[in-house]
Amino acid sequence: MDDVGALTTRRRALAGAATGFGSALAGCTEYLWSRAENPGPEQVSLTIKAAPAEDDLVATTIASKLRENFRTAGIDASFEPIARAELYREVLLDGEYDVFVTRYPGLDEYDGLRGLLHSRYVSERGWQNPLHFSDVTADDLLESQLTTDGDEREQALSDLFDHLSETVPYTTVAFPHRIGAARNELAVSTPPREALDYVDIASREHDGGPRERPLEVGVFGEQLTERPNPIVVDRNSIPGLLDLVYSPLVRRIDDEDVPWLADDVEWESGGRLGATVTLRENATWHDGSSLDADDVAFTYRFLGDTSLDEAESAIPAPRYRSQQSIVEDVAAVDDRTVEFSFRTVDRSIAIRALRIPLLPAHVWEPRSTIVGERRTEALVNDNEEPIGSGLFAVGDVTGDTEIELELFDDHIFRDGATDRPSILEDFPQFEGIRFQIAPNAGSIVDLLVDGEIDITGSPLPVDELNAIRENAALSALTEPTDEFYMIGYNGHHQVLGNPNVRRILSRLIDREHAVDELFGGFAEPARTRNSLFGIADTDLEDTEASVLTNFPGSDGEVDPSQARALFEEEGYGYEDGALLE
């Protein structure tokens with residue numbers, strides 16, 4: 001019996017029991033006593049959490065619209081805007097939410113869904129199943145797509161998307177374009193978003209030759225200089241900054257996987273996939289220590305268990321977990337050679353694991369000490385002096401207003417004898433990167449107009465475009481992204497645990513109208529099966545619009561009678577316009 005059927009049967013049974021009990025007793029006193037002991041169902045109540053307008057205007061607007069639409073459907077809905085760092089803590093660490101709205105950074109591969117949804121991660125923290133979604137069928141399909149390839153994997157993925165359309169642990173509203181701005185002399189066409197975007201800008205030759213100053217980048221938000229710990233999720237951060245400081249074995253550049261700290265990757269097939277990685281010679285950490293194969297093996301072990309086997313059960317890092325769990329085993333063969341075996345036979349999945357930023361064992365191993373329940377020093381450490389292996393090292397940090405990244409002169413790619421990736425052909429053209437932190441988006445634009453910064457690093461709201469376009473010295477920058485605005489549902493909630501309810505709630509946002517009104521047209525609405533779960537424009541795509549996009553109303557406004565009919569079809573009742581549990 002499904003959840004709704006069980007709920008309806010239970011209500012009928014209780015109603016029958018109450019009727020029989022009432023007829024067996026006489027008198028008003030007994031009836032009132034019965035009602036007091038057996039109160040009727042209450043109105044469905046939901047709280048929606050999102051970052052405040054100054055952090056993310058679109059998330060706030062989506063959440064406000066959901067509150068309005070939920071209320072029209074008879075739900076006692078409220079919206080609680082909270083600072084982004086607090087939002088991450090409540091959603092990703094504590095699970096204290098009913099519904100949340102956030103801008104998700106995007107899925108790099110279908111397998112990214114495994115970390116987001118597999119029940120093996122339901123008790124972990126971070127973006128590892130923060131939805132508390134536990135579904136045997138979904139687990140089987142997520143495992144099947146991991147361990148197969150070709151047509152068999154495609155079928156597993158197609159079945160997975162069909163199943164998610166029925167269970168709806170979360171849903172996508174739209175894929176926003178990233179909006180930014182730069183001074184014309186910088187001659188860029190797209191806004192920076194990731195570490196390599198900054199590397200590309202810092203590698204471009206200019207008419208006047210290399211600049212004897214840092215690239216000035218404007219960002220906005222709170223607590224951006226606090227706790228630059230690369231493996232935690234409960235702090236706001238500057239997109240791309242820590243990936244400039246910490247480097248992986250392999251980087252994804254223009255749809256190709258390019259060896260970075262790895263000098264070579266030799267793949268071995270036959271059963272499960274394996275790889276032998278040879279590190280570049282003379283790689284070092286920012287403190288001058290040698291980067292070797294032991295550091296690589298340590299990184300993967302540590303991300304899987306930050307207690308290093310000292311806890312009764314593993315305490316994994318809340319970041320990079322789904323990528324780390326692709327690795328079945330990793331071992332250092334000698335100083336420069338590391339052998340990997342993977343849980344997959346598909347190289348496009350396995351390569352995801354090689355994109356994890358490496359950690360120095362001599363810095364992080366002492367942080368394996370257990371300091372609380374399910375917490376290690378690594379997960380609470382402020383990491384005030386980050387030691388990575390990237391092209392840039394953290395320099396001066398000025399309160400909560402500036403972070404400067406200095407060029408790492410001893411980096412292997414600064415040596416002309418080293419075969420460098422082509423993106424670094426003319427690197428560097430700036431003496432580092434300085435991030436200037438402003439309180440809001442409008443302040444960033446002001447800094448740009450005044451010539452205090454070269455480019456924006458935080459995504460700007462669409463209403464800043466006019467001010468940018470009206471200034472002849474500035475260029476407006478826009479680019480489609482694979483980021484998406486997610487509406488997440490807490491599967492542990494009494495009402496939201498019912499997938500039929502989640503399906504109805506997912507329809508209570510007019511995606512086409514949202515793109516026009518909330519995004520100003522600078523987004524793509526989620527219309528089809530795959531796109532509703534954050535993956536658009538793929539070979540597996542069903543081009544027909546999903547039933548989950550059938551909005552019960554028009555022009556963004558919910559029709560109360562249509563919404564009520566959806567819930568009543570699932571066995572829910574109303575009293576004075578209120579949807580009852």
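Visitor: Is E216 buried or exposed, and how is that judged?

Guide: Burial is judged by relative accessible area: buried means under 20%, exposed over 50%, and partly exposed in between, with a 1.4 Å probe and protein chains only. E216 has a relative accessibility of 7%, so it counts as buried. The model is predicted: local features need pLDDT of at least 70, side-chain atom pairs count only at pLDDT 80 or more, and totals for chains, interfaces and linings use all residues. Residues are numbered from 1 along each chain as its sequence is written, and side-chain values use heavy atoms, with hydrogens and water left out.

Visitor: With which residue does E216 form a salt bridge?

Guide: Side chains of opposite charge can pair when their charged atoms come close. A salt bridge here is a side-chain nitrogen of Lys or Arg within 4 Å of a carboxyl oxygen of Asp or Glu. The partner of E216 is R434, and their closest N and O atoms are 2.4 Å apart. This pair links distant parts of the chain, 218 residues apart: R434 is in strand β17 (433-438) and E216 in strand β6 (215-220). Strands (E, at least two residues) and helices (H or I, at least four) are DSSP runs, numbered from the N terminus.

Visitor: How many salt bridges does the structure hold?

Guide: The structure holds 32. One of them joins R343 and E143, at 3.0 Å from N to O. R343 lies in the loop between β12 (337-342) and α12 (347-353), while E143 belongs to helix α6, 200 residues apart. R343 is buried at 15%, whereas E143 is partly exposed at 23%.

Another salt bridge is formed by R84 and D56, with their closest N and O atoms 4.0 Å apart. R84 is in helix α4 (84-93), and D56 is in the loop between β1 (45-50) and α3 (57-72), 28 residues apart. R84 is buried at 17%, and D56 is buried at 9%.

Visitor: Which residues are linked in a network of salt bridges?

Guide: The network links D108, D111, R114, R252, D257, R352 and R355.

Visitor: In what order do the four strands of the open sheet stand?

Guide: Two strands pair if DSSP finds at least two bridges between them. The order is β9-β10-β12-β11, and the pairing is antiparallel. β9 (262-268) and β11 (327-334) are at the edges; each has a single partner strand, so one side of each lacks a neighbour in the sheet. From one strand to the next, the twist averages 20°. Six bridges join β9 to β10 (274-279), and V265 stands opposite V277 in β10.

Visitor: Which helix lies across β10, β11 and β12?

Guide: Helix α10 (293-304) does, running at about 165° to β11. Axes are lines fitted to C-alpha atoms, for helices over the stretch in contact, and angles run from 0 to 180 degrees between N-to-C directions. Contact means heavy atoms within 4.5 Å.

Visitor: At what angle do α7 and α17 pack?

Guide: The angle between α7 (150-167) and α17 (499-506) is about 90°, with their axes 7 Å apart. S165, E166 and T167 of α7 meet P499, R502 and R503 of α17.

Visitor: Where is S119 found, and which residues does it contact?

Guide: S119 is in the loop between α5 (112-117) and α6 (136-147). Leaving aside its neighbours within four places in sequence, S119 is in contact with N129, F133, S134 and D139. S119 is buried at 19% relative accessible area.
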